[in-house]
Amino acid sequence: MIAIAALFLVCLAYVQANPDGAPSTACAAIAPQHGVSSQPLANSSYSLNVSQLTATGGYTPGRTYTLVLTGGASQYKGLLVQGRRGTTPVGSFAAGNLVKPACSNTAVTHIDRSLKNNVPLIWTAPAAGTGSVVFSYAVVVQNNATGSIYYATL
């Protein structure tokens with residue numbers, strides 16, 4: 001079976017965010033175009049959890065999975081999530097509560113900047129033979145006149 005992994009780096013920057021989702025220019029880097037400086041990974045409470053994986057931690061091609069972006073006790077305002085094989089987007093996302101497809105349906109982003117946590121994301125696995133998938137994501141935590149804080153995988 002094909003393993004699914006999620007990695008993340010922590011980044012801090014000053015920005016003005018997009019209230020209705022990440023722009024298409026954010027797709028290549030899975031970053032909200034903020035200009036970043038890395039922060040220690042230990043500072044992040046955010047994780048992407050995938051339900052219904054196989055016993056070996058893989059996926060079944062074509063099957064729909066629920067991913068949940070959680071911050072524990074922390075909430076977030078924005079998100080951008082995409083499954084990748086190397087730098088190639090794989091699989092597709094569907095619209096849901098508080099989210100909409102982005103990047104030609106290969107990613108999902110927020111529809112507004114309301115506070116959120118534990119948002120379910122519906123992902124359809126790619127075709128057989130695709131290989132391992134790594135989920136890249138960005139989470140916008142703060143966006144105001146003093147700056148923006150976000151966490152990103154790339």
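Predicted model: local features only at pLDDT ≥ 70, side-chain atom pairs only at ≥ 80, totals over all residues.

Modeller: Residues are numbered from 1 along each chain as its sequence is written, and side-chain values use heavy atoms, with hydrogens and water left out.

Biologist: How many aromatic pairs are there by the rule used here?

Modeller: Rings of Phe, Tyr and Trp (its six-membered ring) pair if their centres lie within 6.5 Å; planes under 30 degrees apart count as stacked, over 60 as edge-to-face and the rest as tilted. By that rule the count is 4 aromatic pairs. One of them joins Tyr65 and Trp123, at 6.1 Å centre to centre and 40° between the planes, and is tilted. Tyr65 belongs to strand S5 (residues 64-70) and Trp123 to strand S11 (residues 119-124), 58 residues apart. Strands here are DSSP runs (E, at least two residues), numbered from the N terminus.

Biologist: Why is the pair of Trp123 and Phe135 called edge-to-face?

Modeller: The ring centres of Trp123 and Phe135 lie 4.9 Å apart and the planes meet at 80°, so the pair is edge-to-face. Phe135 is in strand S12 (residues 133-144), 12 residues from Trp123. Ring pairs link Tyr59, Tyr65, Trp123 and Phe135 into a cluster.

Biologist: What makes S5 and S11 paired strands?

Modeller: Two strands pair if DSSP finds at least two bridges between them. S5 and S11 are joined by 6 bridges and run antiparallel, with Tyr65 opposite Trp123. S5 is also joined to strand S4 (residues 47-50) by 4 bridges, again antiparallel; there, Leu48 stands opposite Leu69.

Biologist: Why is Thr106 called buried?

Modeller: Its relative accessible area is 16%, so Thr106 is buried. Thr106 is found in the loop between strand S9 (99-102) and strand S10 (107-110). Leaving aside residues up to four places away in sequence, Thr106 touches residues including Val81, Pro89 and Phe93, where contact means heavy atoms within 4.5 Å.

Biologist: What does the side chain of Thr106 reach?

Modeller: The side chain of Thr106 reaches the backbone oxygen of Cys103 at 2.7 Å.

Technical notes:
Buried < 20%, exposed > 50% of the residue type's maximum accessible area, 1.4 Å probe, protein only. Polar contact = N/O pair within 3.5 Å; in protein donor to acceptor, adjacent residues only side chain to side chain.
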